[in-house]
Amino acid sequence: MDMKATKKKLGLKEKYAHMTRGLGWDTTYQPMDKVFPQAAFEGIKIHDWDKWEDPFRLTMDAYWKYQAEKERKLYAVLDAFAQNNGHLGITDARYLNAVKLFLTGISPLEYVAHRGFAAAGRNFPGVGPRVACLMQSIDEVRHAQTQIHALSNYNKFYEGFHAGATHQIERVWYLSVPKSFFDDAFSAGPFEWMIAIGFSFEYVLTNLLFVPFMSGAAYNGDMATVTFGFSAQSDEARHMTLGLECIKFMLEQDPDNLPIVQKWIDKWAWRGIRVLTLVGMMMDYMLPKRVMSWKEAWEIYFEQNGGALFNDLAKYGIKVPECITQCTVDKEHISHQAWATFYQYAHASDFHTWLPNDEEMDWLSAKYPNTFDKYYRPRFTQWREMADKGERFYNNTLPMLCQVCQIPMVFTEPDDPTKICYRESEYQGEKYHTCSDGCKHIFDDEPEKYIQAWLPVHQIYQGNCFPEGTDPTVEGFDPMLKVLEWYHIENGKDNMDYEGSGDQANFAAWRGMATQNT
Amino acid sequence: MAVKALYDYNYPAADTQDKFHGNQLLYVGWDDHLMFCAPFAYCLPPDTKFSELVEKHLPHSYSRHPDWAQIDFAKAVWLKSGQPFQPDMNKTLAEQGLKHKDVLRLQTPGLNGNGTYF
């Protein structure tokens with residue numbers, strides 16, 4: 001009698017079942033709630049983890065195969081870029097200052113996201129989200145690594161890349177803004193993490209972060225960054241879907257979850273939008289060849305796309321975050337306010353700044369007809385007059401910071417762009433200052449958390465930001481120079497004006513050699 | 001609302017006055033002068049006289065603005081936490097009740113960067 005041959009390969013559906021759901025088990029030596037202590041304390045109620053729908057149905061073996069193939073292609077392009085002096089193909093070396101901001105401000109977040117998703121995967125009792133979080137965790141560490149590799153080529157030729165993605169994130173004043181955002185999320189429970197990063201950051205705001213940087217790279221001839229962007233794109237699509245699935249899952253599991261989820265959406269939308277101030281500035285001021293204005297990006301990716309998303313979530317009872325009213329005002333201001341800040345503190349930054357030229361100011365007037373000529377052109381014009389007289393303005397005093405977003409208090413009142421917005425709270429007899437109703441609201445909700453904030457200005461005054469062995473009592477002690485040393489910012493090389501910088505001179509000389517005979 | 005946590009969540013504040021080596025933080029903003037993007041944070045001994053703040057520390061930060069020399073401090077308006085505040089030039093910060101992390105706003109009516117708020 002013929003033996004019936006066993007099937008050698010599992011079907012996709014069976015494979016998915018075995019390789020994801022089949023990997024879970026209930027513990028017996030210890031009760032489940034002891035093994036998964038973080039699953040319940042935030043107040044989110046989950047009745048049936050099996051209801052989790054995995055939209056991608058990706059299994060680990062397939063994951064490795066796809067990612068390996070993608071990375072082979074990525075590294076082939078990066079090698080070609082390096083060997084062919086690809087850095088000379090960019091529009092202008094001024095562009096690289098946006099890349100420096102990306103490397104020092106965004107790449108480290110990828111690494112923290114890796115750790116955060118690993119922790120979320122560990123802490124969720126449900127096997128579906130655990131596997132999804134595991135893959136995202138690996139994606140994020142790959143992204144940190146591939147970004148560092150993609151951008152390391154620039155470090156051979158230009159200033160400001162040498163401290164890379166690790167040293168400055170824990171020290172430099174403006175990098176505390178993205179860092180504190182992720183610290184805030186990582187120190188919350190796993191469900192809040194998923195709303196903060198999985199939903200707000202990856203779903204609601206990711207287009208505003210990645211599209212501008214990647215389109216900016218494409219417009220400005222930066223093939224290294226473009227290639228990385230393409231490579232990461234399929235991962236990002238999966239991350240966005242995970243964030244959305246997670247929020248729907250929470251809302252479908254129990255009606256009591258709605259107010260908690262709404263609170264987190266409100267909080268993390270505002271936190272994210274504050275961080276994106278840096279991106280707005282990059283789009284409007286840092287790209288030699290501009291893609292679109294920050295305001296246009298906001299209208300397309302947040303107001304239109306985000307609006308559709310919130311319509312979709314309305315059936316669960318989710319409302320559009322209240323802060324959006326203020327964002328509608330802010331979209332015409334924040335990029336200018338941010339660049340004005342970096343211009344005057346350029347001596348303390350790891351990239352170069354410049355004043356917009358006449359053509360750029362006209363572009364800004366056209367893109368911001370309600371605000372640029374009225375409020376911001378006069379500022380840039382007067383700074384230019386000072387600079388032309390040899391009196392380039394550098395601000396010599398440390399600014400007051402917001403306790404929550406940690407951005408200097410540069411934002412103005414929603415109803416008056418000529419008045420700085422001051423908000424104040426008191427907790428345990430101590431005063432705390434915030435830049436907006438949004439940040440004040442977040443502080444007042446969890447003051448115990450934000451009183452611990454590592455505010456760079458206060459830390460400098462406490463004496464915690466000097467190299468080891470510094471004696472601040474010696475004659476002629478210059479605290480600013482010591483802080484820069486501690487930041488690993490080389491004074492006179494990495495910081496201050498682009499005009500007259502080594503980057504400018506070298507790029508001109510090298511490109512000259514590539515295109516001329518002399 | 002309090003932080004939800006698995007344990008008693010209680011950590012010290014990072015910026016209490018004892019950490020500033022005998023000094024206190026004082027924030028000062030000059031309204032209508034956005035050449036300076038944000039209010040300033042000063043770290044000063046509590047026995048700093050208000051006159052020293054006005055004659056030494058603020059000019060160090062602000063004097064590059066052409067309006068600074070025009071200020072008539074007899075007419076200047078001060079706010080503390082948004083409320084009217086009448087400083088006494090001859091008293092110290094501590095003597096006039098200025099505490100750690102207080103915020104002052106200096107208003108100089110008529111001066112606003114020639115209407116540009118620069």
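In which helix of chain A is Ala297(A) found?

Analyst: Ala297(A) is found in helix H13 of chain A, which covers residues 294-313. Helices (H or I, at least four residues) and strands (E, at least two) are DSSP runs numbered from the N terminus. The model is predicted, so that local features need pLDDT of at least 70 and side-chain atom pairs count only at pLDDT 80 or more, while totals for chains, interfaces and linings use all residues. Residues are numbered from 1 along each chain as its sequence is written, and chains are lettered from A and ligands numbered from 1 in the order in which they are written.

Ala297(A) counts as buried because 22 other C-beta atoms lie within 10 Å of its own. A residue is buried with 20 or more such atoms within 10 Å, exposed with 12 or fewer, and partly exposed in between, the C-beta atoms being placed from the backbone. Leaving out residues up to four places away in sequence, Ala297(A) touches Leu208(A), Pro212(A), Met283(A) and Met292(A); contact requires C-beta atoms, placed from the backbone, within 7 Å. Leu209(A) is 88 residues from Ala297(A) in sequence, yet their C-alpha atoms are 10.0 Å apart.

H13(A) is also among the elements that cover the buried residues of helix H15 (residues 334-344) of chain A, together with H12 (277-286), H14 (324-330) and H17 (372-388). Because 11 of the 11 residues of H15(A) are buried, this helix is largely enclosed by the rest of the structure. Its buried residues include Ser335(A), His336(A), Trp339(A) and Tyr343(A).

The axes of H12(A) and H15(A) come within 8 Å and cross at roughly 85°. H12(A) is therefore roughly perpendicular to H15(A). Axes here are lines fitted to C-alpha atoms, for helices over the stretch in contact, and angles run from 0 to 180 degrees between N-to-C directions; those of 65 to 115 count as roughly perpendicular, under 35 as roughly parallel, over 145 as roughly antiparallel, and the rest as oblique. H12(A) contributes Met283(A) to this contact, along with Leu278(A) and others, while the residues from H15(A) include Ala338(A) and Phe342(A). By class, this contact has eight nonpolar, three polar and one charged residues. Ala, Val, Leu, Ile, Met, Phe, Trp, Tyr, Cys and Pro count as nonpolar, Asp, Glu, Lys and Arg as charged, and the others, Gly among them, as polar.

Apart from neighbours within four places in sequence, Leu278(A) is in contact with Leu101(A), Gly105(A), Val177(A) and Ala338(A). Leu101(A) and Gly105(A) are among the buried residues of H4(A), a helix of residues 96-105 that is mostly covered, with 10 of its 10 residues buried.

In the largest nonpolar core, which has 159 residues, Leu278(A), Ile195(A), Ala196(A) and Tyr27(B) touch the most other members. Such a core is a set of buried Ala, Val, Leu, Ile, Met, Phe, Trp, Tyr and Cys residues joined through C-beta atoms within 7 Å. Helix H8 (residues 190-204) of chain A supplies the largest share of this core, 10 residues.

Chain B also meets chain A directly: 40 residues of chain B and 43 of chain A form the contact. On the side of chain B, strands S1 (24-30), S2 (40-44) and S5 (102-107) and helix H1 (50-62) each supply at least two residues. That side has 24 nonpolar, eight polar and eight charged residues.

Chain B has an open sheet of five strands in the order S2-S1-S5-S3-S4, with mixed pairing. Strands pair if DSSP finds at least two bridges between them. S1(B) and S5(B) run parallel and are joined by five bridges, with Gly29(B) opposite Arg105(B). Strand S3 (residues 77-80) of chain B runs antiparallel to S5(B), with four bridges; here Arg105(B) is the bridge partner of Leu79(B).

Terms used: Contact = placed C-beta atoms within 7 Å.
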